[in-house]
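Subject: Structure for your review

Dear colleague,

Please find below the structure that I am handing over to you. My findings follow directly after it.

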Amino acid sequence: MADKDGLKVAKDYHLDKAFANMGSFHVKGADSLDWGMKKHLSRIFNPKTGKTVMFAFDHGYFMGSTAGLERLDLVIPPLMPYVDVLMATRGALRSCVPANNDRGIALRVTSGSSMLNDDLSHEVVAVDIEDAIRMNADCMAVQTFIGADGQLSSIDNLSKVINAGFRYSIPTLGVVAVGKEMERTDRFFKLATRILAEMGCQIVKTYYCDNFEEVVAACPVPLVIAGGKKLPEKEALTLAYQVIKGGAAGVDMGRNIFQSTHPVEMAQAVRKIVHEGLTDKEAFDFFEDASHK
Ligand code: R5P
């Protein structure tokens, strides 16, 4: 392991140069993966745009019943046509999401804490690879706590899931956790996203921050960006616009869709930014028009 003292500050991100190893496949860092892995990634990232709108409603895995998600059976189906991927627990999917849909599936496979704990960083792998296969998961989502008490166990969880994923060609989505004590700077996100990519994740979920383009450039696999706490719709659409402009391969948004005054119209507006190149202003105008009809 390299000596930590006297490290130079990383600075040569070559923002003017595109990722050099794209090959013919449309997903960053995935050109050398096998057919099955690429097939799953193509259900997540649209082959035409290279991007994705993931819809996260896995909050119940540690928050229980969450505002906006009180009735998964009623809330989720109307949103499904407007998103590419459903990110959820196996319990939510099996009980409340009709199987006769063609959305991609990001299956939450770790668990271990709840809102009653101060420290949320201790999790285990709770879903067997066999069940991910049975559910035809397109990727397995692992919460990863870099710099927190639970770092070692979450890296262990991540490694086990990545190893199982390689055995059966199912990608792993590493989710960068942020906590009360954890910083939300580009320094932290460059560290965390790069560790997850180098561990072998095929996709990394993280947060928007200053110097976001550098975080993207330093990460050799696609980044999808969490929405975070509920914002006014205009601000949430600006966030979506900034992350796409900054080089993210998509969003993985939850509360800013399902807690919106008009969730379906919000999902449509986000989709227009991600896949159709609308600006935040154009998408907000669409949202206002569509939600007043
Ligand atoms: C991340 O830790 C989990 O996947 C969350 O349940 C999800 O990312 C939250 O999405 P949002 O912050 O957009 O509500």
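Asn136 counts as partly exposed because its relative accessibility is 44%; buried means under 20% relative accessible area, exposed over 50%, and partly exposed in between, with a 1.4 Å probe and protein chains only. Asn136 lies in the loop between helix H5 (129–134) and strand S6 (139–144). Helices (H or I, at least four residues) and strands (E, at least two) are DSSP runs, numbered from the N terminus. Although Asn136 is not a glycine, it has a positive phi of about 55 degrees. Most residues other than glycine have a negative phi.

This is a predicted model, in which local features need pLDDT of at least 70 and side-chain atom pairs count only at pLDDT 80 or more, while totals for chains, interfaces and linings use all residues. Residues are numbered from 1 along each chain as its sequence is written, and side-chain values use heavy atoms, with hydrogens and water left out.

A positive phi, near 60 degrees, also occurs at Ser169, a residue other than glycine. Ser169 is placed in the loop between helix H6 (151–168) and strand S7 (172–176), and it counts as buried because its relative accessibility is 11%.

Arg103 belongs to the loop between helix H4 (90–96) and strand S3 (104–108). With a relative accessibility of 17%, Arg103 counts as buried. Its side chain makes a polar contact with the side chain of Asp102 at 2.9 Å; such a contact is a pair of N or O atoms within 3.5 Å, where within protein one must be able to donate a hydrogen and the other to accept it, and residues adjacent in sequence count only if both atoms are side-chain atoms. A polar atom of the Arg103 side chain also lies 2.5 Å from the backbone oxygen of Val83. Leaving aside residues up to four places away in sequence, Arg103 touches (heavy atoms within 4.5 Å) several residues, among them Arg43, Met80, Asp84 and Asp138.

As to the ligand, which of the 14 residues around it come nearest? They are Asp58, His59, Lys205, Gly254 and Arg255, where a residue is near if one of its heavy atoms lies within 4 Å. An oxygen atom of the ligand is 2.8 Å from an N or O atom in the His59 side chain. A polar side-chain atom of Arg255 lies 2.8 Å from an oxygen atom of the ligand, and a polar backbone atom of Gly228 is 2.9 Å from a ligand oxygen atom.

Yours sincerely
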